[in-house]
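Hi,

Here is the structure I promised to pass on. Have a look at it first, and then read on for what turned up when I went through it.

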Amino acid sequence: MIDTILWDVDDTLLDFQKSEACGIYACLAEIGFHGCDDAMLARYSAINRRHWEALERGEMSKPEVLVGRFRCFFETEGIACPDVEAFNCAYERKLGENFFENERSLELCRGLRGRVRQYVVTNGAEQVQRNKLKASGLGACMDGVFISDEIGAEKPTIGFFEHIFAKIGRPESGTCMIVGDSLTSDMRGGNNAGLICCWYNPRGKENHSDVRVDYEIRSIWEVERLLAESGNRQKAEL
Ligand SMILES: [Mg+2]
């Protein structure tokens with residue numbers, strides 16, 4: 001029976017793409033650039049994703065990712081930015097302020113309280129994630145919050161999960177499920193840590209990797225069904 005859920009945050013419980021768009025538009029405007037459109041934003045997203053994947057493979061440090069993605073973006077687009085580090089700081093601040101719930105996630109997590117232990121497991125920047133979790137109300141639904149910055153290790157490394165198990169106890173096989181949108185960090189991390197791996201894949205992307213996925217869901221609300229199927233039923237269902 002599944003009694004513990006590890007939730008990813010960005011693009012799982014929260015709509016990160018929306019926050020990202022808000023943050024980029026606002027920060028570019030602050031440095032006097034007003035020509036950003038959806039295509040440019042998509043190019044930034046791709047650059048950003050490539051940088052985070054390099055981090056997941058251990059090829060880049062977090063600071064290199066944060067500043068490097070904007071250096072690369074500005075170079076590609078020919079945008080003059082006087083201080084890329086300051087730009088990144090402003091952007092991170094904006095991300096913490098502008099957050100958007102995904103699929104009524106707050107209602108879902110509130111409803112699951114008392115039925116499963118719920119923890120946030122995220123690779124985001126510490127202050128940004130703390131702000132978002134607090135302001136969205138999601139943090140208060142959780143039994144704990146684990147942020148890679150604080151741990152000193154990232155998903156998908158085993159070190160990240162060992163730290164968590166040292167705090168919450170090592171889960172028995174078949175009792176702990178990680179839910180997230182990323183194959184490279186959430187699902188690979190779940191593989192490494194021996195967890196049930198639930199891939200949140202709302203757009204029906206294909207898995208061309210060797211990462212094991214136990215369940216694939218289009219909506220985070222399908223988690224309720226997976227819990228019930230594992231034998232974890234709501235009181236009303238008994
Ligand atoms: Mg994510």
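The buried residues of helix 1 are covered by, among others, helix 2, helix 3, helix 4 and helix 6. Please keep in mind that this is a predicted model. The residues of helix 1 that are buried are F16, S19, E20, A21, G23, I24, C27 and L28. In general, an α-helix has 3.6 residues a turn, so residues three or four places apart point the same way. The length of helix 1 agrees with expectation, because its 15 residues at 1.5 Å a residue should span 21 Å and its end C-alpha atoms are 21 Å apart. At the start of helix 1, the backbone nitrogen of Q17 has a side-chain oxygen of D15 within 3.2 Å. Just after helix 1 comes G32, with a positive phi of about 85°.

Leaving aside residues up to four places away in sequence, K94 touches G23, A26, C27 and E30. With E30 there is also a polar contact from side chain to side chain, at 3.1 Å.

Now to the strands. Strand 4 (residues 176-180) is mostly covered, with five of its five residues buried. In a regular strand the side chains alternate between the two faces of the sheet. Here C176, I178 and G180 point one way from strand 4, while M177 and V179 point the other way. Strand 4 runs parallel to strand 1 (residues 4-7), and four bridges join the two. Opposite M177 of strand 4 stands I5. Strand 4 also pairs with strand 5 (residues 196-200), again over four bridges and in the parallel sense. Within strand 5, C198 is the bridge partner of V179. Together with helix 10 (residues 183-193), strand 4 and strand 5 make a right-handed β-α-β unit.

How many disulfides does a search of the whole structure find? The search finds zero. For C81, which is in no disulfide, the nearest cysteine sulfur is that of C27, 9.6 Å away. C81 counts as buried because its relative accessible area is 18%, under the 20% cut-off. C141 is in no disulfide either, and the nearest cysteine sulfur, that of C109, is 5.8 Å away. With a relative accessibility of 2%, C141 is buried too.

Some backbone details are worth checking if you set up calculations on this model. Most residues other than glycine have a negative phi, and most peptide bonds are trans. Against that background, K155 and P156 are joined by a cis peptide bond, with omega about 10°. P156 sits in the loop between helix 8 (148-151) and helix 9 (158-168). D11 is not a glycine, yet has a positive phi of about 65°; its place is the loop between strand 1 and helix 1. E103 is another residue other than glycine with a positive phi, near 50°. E103 lies in the loop between helix 4 and helix 5 (105-112), and is partly exposed because its relative accessibility is 28%, which falls between the 20% and 50% cut-offs.

Lastly, there is G35, in the loop between helix 1 and helix 2. Is G35 buried or partly exposed? With a relative accessible area of 44%, G35 is partly exposed. G35 and L108 are 73 residues apart in sequence, and their C-alpha atoms are 38 Å apart in space.

Best wishes

Methods. Residues are numbered from 1 along each chain as its sequence is written. This is a predicted model: local features need pLDDT of at least 70, side-chain atom pairs count only at pLDDT 80 or more; totals for chains, interfaces and linings use all residues. Side-chain values use heavy atoms; hydrogens and water are left out. Buried means under 20% relative accessible area, exposed over 50%, partly exposed in between (1.4 Å probe, protein chains only). Two strands pair if DSSP finds at least two bridges between them. A crossover is right-handed if, with the strands pointing away from the viewer, the path from the first strand over the helix to the second runs clockwise. A disulfide is a pair of cysteine sulfur atoms within 2.5 Å. The expected span of a helix is 1.5 Å times one less than its number of residues. Contact means heavy atoms within 4.5 Å. A polar contact is a pair of N or O atoms within 3.5 Å; within protein, one must be able to donate a hydrogen and the other to accept it, and residues adjacent in sequence count only if both atoms are side-chain atoms.
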